[in-house]
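Please keep the sequence and the model in view while reading.

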Amino acid sequence: MTLAATPQTASLSPILKQATPVVVDHALGSWIHGTDGHSYLDFTTGIGVTSTGHCHPRVVAAAQEQCTKIIHAQYTTVMHQPLLDLTEKLGAVLPLGLDSVFYANSGSEAVEAAVRLARMATAKPNIIVFQGGFHGRTVAAASLTSAGTRFSAGFSPLMGGVHMAPFPYAYRYGWNDDAAIDFALKELDYLLASRVAPNDTAAFLIEPVLGDGGYLPTPPRFLAGLRERADRHGILLIIDEVQAGFGRTGKFWGHQHADDLTPDILITAKGLASGFPISAIAAPTELMSQAWPGSQGGTYGGNAVAAAAAIATLDVIDDEDLVENARIRGEQMLSGIRSVTAGYDAVGDVRGLGLMVGVEFVSRDGDVAVPDAATALAVQQATTRHGLLTLTCGPEANVVRLIPALVVTEHEIATGIERFSAALSDVAARNDGP
């Protein structure tokens, strides 16, 4: 290769926009230390990925050791021990009956694998998703996503066979939870009667907590209603646990807040390996066996180093009782954020489940709450200035979300609440100023 006399300078795509100006020097646990010399309490965790915190020593050691053995062993060419061990360990935490696992790299890939399996196994074309859901950016996954038009606009046509039903978003409708659930189930039944015949429908696909859709917990009664309708109509129930799984909600899987409910297909990624790229779907062996030959695979799926990190992640979650920590610290965070936001008219709703808390910002048009993305962004930017990293989400970008690591301490949650309160005060003072 001949180099140009004056080498060109490359840069990242201008479409990639950072939520914060932070450049990381190093990170540990719940803290990111920037090249600017400042330390930041990280309530973003790589969008819910670093479940055991940044650079947990046991995860680091497992990855380092595996790197001395083999880094890439393509799993449809040769098998490697970390993937076998990971599958055995996952078996202990997967819902009973979901005893067959397929591995990929990302949440989007796993979502597409789940949809492909559902269509192949049922020989039905249609997938019903729920308003506000986020399932990825690849073409099929984006076709299933309604957490914002930015994820699916500009590259039509999208995948066909996708139909959307209302999500029981009680605050948006101005109703109580029961009224919203009743409405959403009634509208789902109407969709099945009017547009999407059950015998043409392969699956329902839903998150147990909407992620990019606004950090909205899916009510257990709504999940139970989906399970009942799936059983009645011969439709599969796919639960997308990419963001809510692996202990984040205070139970190992987010759907477990609905008692005695088991999905037909479960999707996991993000927190599975504390930052290494690996994802999976799980289903009963009988169902998984109905995938067509050649429909599952991938060059990097089930990477050996990522699998070793995932094993260490599972061990740390178990040994350090991190699911229970997520429950306790999540209750502390939700209560604290509700306390410091009380009295701010710009805060319309504070909700969450475990270490997933969303603060929805609104303005007022008479008695009507209007989504206020500008204030949400201002608060998110102000938290960074106060040493707390947060993100926005929601179809109208008016929700600030807080996603600490599962290892977060009582003191760190208290510190995060204090810093969020200070940021909120700054923005309120600016908005009320001359």
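S108 counts as buried, with a relative accessibility of 14%, where buried means under 20% relative accessible area, exposed over 50% and partly exposed in between, with a 1.4 Å probe and protein chains only. This residue sits in helix α4, which covers residues 107–122; helices (H or I, at least four residues) and strands (E, at least two) are DSSP runs, numbered from the N terminus. Once its neighbours within four places in sequence are left aside, S108 is in contact with H135, G136, R137, T138 and A141, contact being defined as heavy atoms within 4.5 Å.

The model is predicted, and local features need pLDDT of at least 70, side-chain atom pairs count only at pLDDT 80 or more, and totals for chains, interfaces and linings use all residues. Residues are numbered from 1 along each chain as its sequence is written, and side-chain values use heavy atoms, with hydrogens and water left out.

Next come the aromatic rings. Rings of Phe, Tyr and Trp (its six-membered ring) pair if their centres lie within 6.5 Å, and planes under 30 degrees apart count as stacked, over 60 as edge-to-face and the rest as tilted. By this rule the count comes to 10 aromatic pairs, two of which are set out below.

| Pair | Centre to centre | Angle between planes | Class |
|---|---|---|---|
| Y173 and F183 | 5.3 Å | 70° | edge-to-face |
| F246 and W253 | 5.6 Å | 85° | edge-to-face |

Because Y173 lies in helix α6 (residues 170–173) and F183 in helix α7 (residues 177–194), their pair ties together parts that are 10 residues apart in sequence. Y173 is partly exposed, at a relative accessible area of 22%, and F183 is likewise partly exposed, at 26%, whereas F246 and W253 are both buried. Ring pairs also link F130, F167, F204 and F222 into a cluster.

Finally, the fold as a whole. The protein has 13 helices and 18 strands. Its radius of gyration is 22 Å, close to the 22 Å that the globule rule gives for 434 residues, so the protein is as compact as a globular protein of that length; the radius is taken over C-alpha atoms, and the rule is 2.2 Å times the number of residues to the power 0.38. The C-alpha trace spans about 65 × 60 × 55 Å along its principal axes, and 53% of the 434 residues count as buried. Among contacts with a separation of 6 or more, 72% are between residues 24 or more positions apart.
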